[in-house]
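I opened my notebook for a look at pockets and domains. Here is the model I worked from.

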Amino acid sequence: MSLAQQWRDARPKVAGLHLDSGACSRQSFAVIDAATAHARHEAEVGGYVALEAAAPVLDAGRAAVAALTGFDASDVVYTTGSNHSLGLLLASWPGERILACLPGEFGPNLAVMAANGFEVRALPVDGDGRVVVDEAIRELVANPPALVHFTALASHRGVAQPVAEFVAACRAEGIPIVVDAAQALGHLDCNVGADALYSSSRKWLSGPRGVGVLAVRPQLAERLQRQLPPVDWDVPVNLLQSFEHGEHNAAARIGFSVAIGEHLAAGPDLVRARLAEVGRTARTVLADVSGWRVIEPVDEPTAITTLEPTDGADPTTVRAWLIAERGIVTTACEVMRAPFEMTKPVLRISPHIDTTLDDLEHFATALGEGPNGH
């Protein structure tokens, strides 16, 4: 049985066509059942007793994240999502607050940076929005920021950054680098040696919403300052322990632990290869749809394809029409998603490994027939 068929069989039958894993993927029966079983256990024995019983499952989830990212399990904490992870990290940063990031930085990330008092500098990129490593390192060495924040794969453009190369160059110069792997974990190789890395459960790993992870190496953690409880309180809580909120959705975290275990069992290399194949197929199929331009190079090793309207179509209107009239789920990316780089909204598809050529051809036909279609 193919990897795609295994993935499809492990999930409820989709109502329509789901091309939106970059927003929220589809959970498996096992993930749904694990979260449900924990919620039931909370009702039977009490929430905190059930949480103690679930500790091995949650520890396994941390270990699975560590296996994918190259951190130790003890470096990994659960959060409520990627924005929460970044907020925890930046709020704990002492001293100078100057940060370098890509011009295409995710808008909500920029908001978190601003809320924590960080001045942002743009890294040099090429015409595809990909960092120019040598030029960037020269600038960073000449005028060092406090840290670099690097989004491995943007949500508005399916261009894979040379993250391993850039991380290695930053660390060689002693520049701390944090990797946003919200779109990358479970999609691209994230074992890249970053000082810190964070991601979400609900995207390519197909876990529940409301869960994220943050991994911080001890050398960086030692530089950070605990916020809650205040650092001058004499309590036995270290920095990473303080990041894990006492009140959280334990059932969702357990579901995520199961989801990432399923990803490891499927074979991360095989999943990455299949996602790249789906992306190539999508760009090939969509290249000739009238009124739209595919942004990514056809061989980009990602499953994200973004379509720029060329005849005035409104991606938000098109997305709503596709759902209402064809049962096809996509994402409309507004300019605020990447306000320093985007000049117009785009339509994004992010199909997972179960997506077929027929699915993509069906979408291409629907796109041509929709609002502003030809």
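How many nonpolar, polar and charged residues are in the lining of the second largest pocket? I counted eight nonpolar, five polar and five charged residues there. My classes were these: Ala, Val, Leu, Ile, Met, Phe, Trp, Tyr, Cys and Pro are nonpolar, Asp, Glu, Lys and Arg are charged, and the others, Gly among them, are polar.

Ground rules first. This is a predicted model, in which local features need pLDDT of at least 70 and side-chain atom pairs count only at pLDDT 80 or more, while totals for chains, interfaces and linings use all residues. Residues are numbered from 1 along each chain as its sequence is written, and side-chain values use heavy atoms, with hydrogens and water left out.

**Second largest pocket**
I noted a volume of about 260 Å³ for this pocket. Its lining has 18 residues, and Arg62, Glu244, His245, His248 and Arg253 are the closest to its centre. Two or more lining residues come from each of α3 (47-53), α4 (55-69), β2 (76-79) and α10 (239-243). The largest share, four residues, is from α4. (Helices, H or I of at least four residues, and strands, E of at least two, are DSSP runs numbered from the N terminus.)

For the record, a pocket is an open set of points on a 1 Å grid over the protein atoms alone, where a 1.4 Å probe fits, with protein on both sides within 12 Å along at least five of seven lines; lining residues have an atom within 4 Å of a point. Grid points are joined across faces, edges and corners, and the volume is the space filled by probe spheres set on them.

**Largest pocket**
I then turned to the largest pocket, with about 400 Å³ of space. Of its 29 lining residues, Gly22, Phe106, Gln183, Arg202 and Lys203 lie nearest the centre. The lining holds eight nonpolar, 13 polar and eight charged residues. Where does the largest pocket lie? Domain 1 (3-26 + 267-369) and domain 2 (29-266) both give residues to its lining, so it lies between them. The domain bounds come from an automatic or database assignment.

**Between the domains**
I found the C-alpha centres of domain 1 and domain 2 to be 25 Å apart.

**His38**
Last, I checked His38, which sits in helix α2 (residues 29-45). His38 has a relative accessible area of 5% and is buried (under 20%, with a 1.4 Å probe and protein chains only). Leaving out residues up to four places away in sequence, His38 touches Ala50, Leu51, Ala54, Ala250, Ala251 and Ile254.

Key: Buried means under 20% relative accessible area, exposed over 50%, partly exposed in between (1.4 Å probe, protein chains only). Contact means heavy atoms within 4.5 Å.
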